[in-house]
Amino acid sequence: MHPLAVLLIFVTASAASAVYGHPAATDTPAARFWEKALPGTPMPEAIADLVQEGGPPNTPTLRINYHHVSASLAKAVLPAGIFFQESQMRVGSTMTVSFPPASVPPILPRDVADKVPFRNLADVLATFHIPPSSAKATMARDTLNQCTAASSLAAGEQMACATSLEATVGGATRMLVGSTHHQQGAVYWAASSALPRAGLPLRPYAVAAVTQLAGDRHVGCHSLPYPYAVYYCHMTGKPTKAYAVALRGAAEVSMAAICHVDTSDWDLAHPAFKMLHTRPGGAPVCHFMSYASLVFGEKAANA
């Protein structure tokens with residue numbers, strides 16, 4: 001049996017199996033690529049839905065720079081519970097969490113995405129008939145700016161933007177390979193929060209199960225506002241932990257989470273410090289993954 005299959009069997013079923021996902025509904029090139037690149041990791045339902053359906057982007061997605069916090073981010077009103085401390089993930093405790101409804105663009109087939117303009121904003125707006133002065137044009141411009149902001153990265157950080165599922169998976173695994181902690185012969189996995197598109201209402205949720213996922217370096221990939229799916233993938237280069245957390249409210253929802261163990265070089269103005277009453281270099285800062293976001297990691301093939 002494949003080692004990741006063993007992992008999926010022995011982790012707490014109510015949390016980790018839902019976080020890793022379920023097989024894609026249909027046999028698509030993207031699904032076949034996923035199975036080959038991430039053996040033993042079923043495609044998350046949110047990703048399978050976006051491959052099949054998708055929807056137009058209507059709301060901006062928050063991408064947080066840990067080292068250089070803009071004035072707008074420092075003043076932003078963030079969803080309750082977006083940041084939390086690792087110690088809060090205890091079975092039997094409660095966490096107050098909320099997520100707004102998700103509005104995410106479709107994931108294009110790779111052969112289509114490779115032919116669609118990306119870095120030329122004028123071509124993108126013309127191709128998708130988006131007025132240059134519209135809110136959608138502003139969000140597309142912001143996405144391009146974020147995808148070309150490599151100069152703002154700290155030492156050891158990696159980032160990449162991808163316009164197809166195949167490019168997203170490939171970019172994330174290349175970051176893991178490039179890590180100094182990469183294990184030869186490692187098996188890659190991906191996880192996602194099993195959130196409903198309608199989001200989560202603000203309320204206390206009981207922590208029903210917590211399972212730590214493999215690896216000590218992880219890549220987070222988040223969808224950015226664009227006429228079609230653009231994933232921003234990021235690896236800090238510092239130690240991280242990944243978890244599957246089952247939260248129980250009116251119904252049970254399984255969340256993927258990343259904890260940043262070393263925040264010593266984070267900007268003091270980062271909103272997490274204000275929210276958690278801590279400082280750079282203090283206790284680990286954790287956050288849940290939003291709808292259709294992905295966390296990638298690796299584990300030894302013989303584990």
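## Ser 164 and its structural setting

At 4% relative accessibility, Ser 164 counts as buried, because the cut-off for that class is under 20% relative accessible area. The model is a predicted one. Ser 164 sits in the loop that connects β3 with α9 (165-178). A polar atom of the Ser 164 side chain lies 3.1 Å from the backbone nitrogen of Ala 167. When neighbours within four places in sequence are left aside, the contacts of Ser 164 are with Leu 108, Arg 110 and Ala 113.

Strand β3 also belongs to a sheet. This open sheet has five strands in the order β3-β7-β6-β11-β4, and the pairing is antiparallel. Its edge strands, β3 (158-162) and β4 (187-191), each pair on one side only. On average, neighbouring strands of the sheet are turned by 20 degrees against each other, with direction ignored. Strand β4 runs antiparallel to β11 (residues 294-299), and five bridges join the two. Within this pairing, Trp 189 has Gly 297 of β11 as its bridge partner.

A further residue, Asn 145, belongs to helix α8 (residues 135-147). Asn 145 has a relative accessible area of 46% and is therefore partly exposed, since that class lies between the limits of 20% and 50%. The C-alpha atoms of Asn 145 and Arg 119 are 9.5 Å apart in space, while the two residues are 26 residues apart in sequence.

The accessibility values are set out below.

| Residue | Relative accessibility and class |
|---|---|
| Ser 164 | 4%, buried |
| Asn 145 | 46%, partly exposed |

Notes
Residues numbered from 1 in each chain as written. Predicted model: local features only at pLDDT ≥ 70, side-chain atom pairs only at ≥ 80, totals over all residues. Heavy atoms only, no water. Pairing = 2+ DSSP bridges. Helix = DSSP H or I, 4+ residues; strand = E, 2+ residues; numbered from the N terminus. Axes fitted to C-alpha atoms, helices over the stretch in contact; angles between N-to-C directions. Buried < 20%, exposed > 50% of the residue type's maximum accessible area, 1.4 Å probe, protein only. Polar contact = N/O pair within 3.5 Å; in protein donor to acceptor, adjacent residues only side chain to side chain. Contact = heavy atoms within 4.5 Å.
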